[in-house]
Amino acid sequence: MRELDLMGVRVEMPSNIPMVLLREVGGHRYLPIWIGANEASSIAGAQEGLVPPRPLTHDLMLDVLNALGHRLTEVHITELEEGVFRANLIIDGVEVSSRPSDAIALAVRNGAEILCAEDVLDAAGIDVPEEEDDDEVEKFREFLDHVNPDDFVTGDEPPEN
């Protein structure tokens, strides 16, 4: 498993499909995952530090875990099958199946590590060689401007992860 950093959420135009972008820690690969609008909003809001007046679903899930004395420690992105990513939440050492989008929304709220199986990164990761910081940021922006869900998924519509 390789550790990933959350780079952010973006809505691809003109398809209007949200995407979360993860970056391999200590490596050169980025992992784009197309997600639902609600999860995109939840991830982006948590990443910006927004606190809703009432707990949203992902906040509630963490509140329940904490109230019961449990802790989400890691998120594992484990599989990519027919364009669909699969993930597990690691709660007190127990694996619980999850969509990657929900897992990431939870991880960003409590600082849990996001890890990805090497074969998933090999299959869906996009290699962006490291250069000076300014060049890397510019290449990343260019990548986001030109990436398309059709580059990664076969079929009429990208699956929601």
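Predicted model: local features only at pLDDT ≥ 70, side-chain atom pairs only at ≥ 80, totals over all residues.
Residues are numbered from 1 along each chain as its sequence is written, and side-chain values use heavy atoms, with hydrogens and water left out.

Strands here are DSSP runs of E with at least two residues, helices are runs of H or I with at least four, and both are numbered from the N terminus; two strands pair if DSSP finds at least two bridges between them. On that basis, 8 strands form an open sheet with mixed pairing, in the order β6-β5-β4-β7-β1-β2-β3-β8. Because β6 (94-98) and β8 (126-127) stand at the edges, each with a single partner strand, one side of each has no neighbour in the sheet.

Turning to β7, this strand is joined to β4 by 4 bridges, and the two run parallel; besides the pairing I opened with, Glu74 stands opposite Glu113 in β7. Strand β1 (residues 2-12) and strand β7 (residues 113-116), by contrast, run antiparallel and are joined by 3 bridges, with Glu3 having Leu115 as its bridge partner and Arg2 standing opposite Cys116.

On to β4 and β5 (residues 84-91), which run antiparallel and are joined by 8 bridges, Glu81 standing opposite Val84. These strands form a hairpin with 2 residues between them, and Glu82 in the turn has a positive phi of about 55°.

That brings me to the surface, where Glu79, Glu81, Glu82 and Asp119 gather in a patch of negative charge. Patch residues have over 30% relative accessible area and no salt bridge, with like charges joined within 9 Å and nonpolar side chains (Val, Leu, Ile, Met, Phe, Trp, Tyr) within 5 Å; a salt bridge is a side-chain nitrogen of Lys or Arg within 4 Å of a carboxyl oxygen of Asp or Glu. Glu79 lies in strand β4 (residues 72-81) and counts as partly exposed because its relative accessibility is 37%, where buried means under 20%, exposed over 50% and partly exposed in between (1.4 Å probe, protein chains only).

Finally, Leu60, Val64 and Leu68 make a nonpolar surface patch of about 290 Å². Val64, found in helix α2 (residues 57-67), is partly exposed, with a relative accessible area of 42%.

Methods
Areas by Shrake-Rupley, 256 points an atom, 1.4 Å probe, with all protein chains shown as cover. Lys, Arg positive; Asp, Glu negative; His and termini not counted. Charge placed at Lys NZ, Arg CZ, Asp CG, Glu CD.
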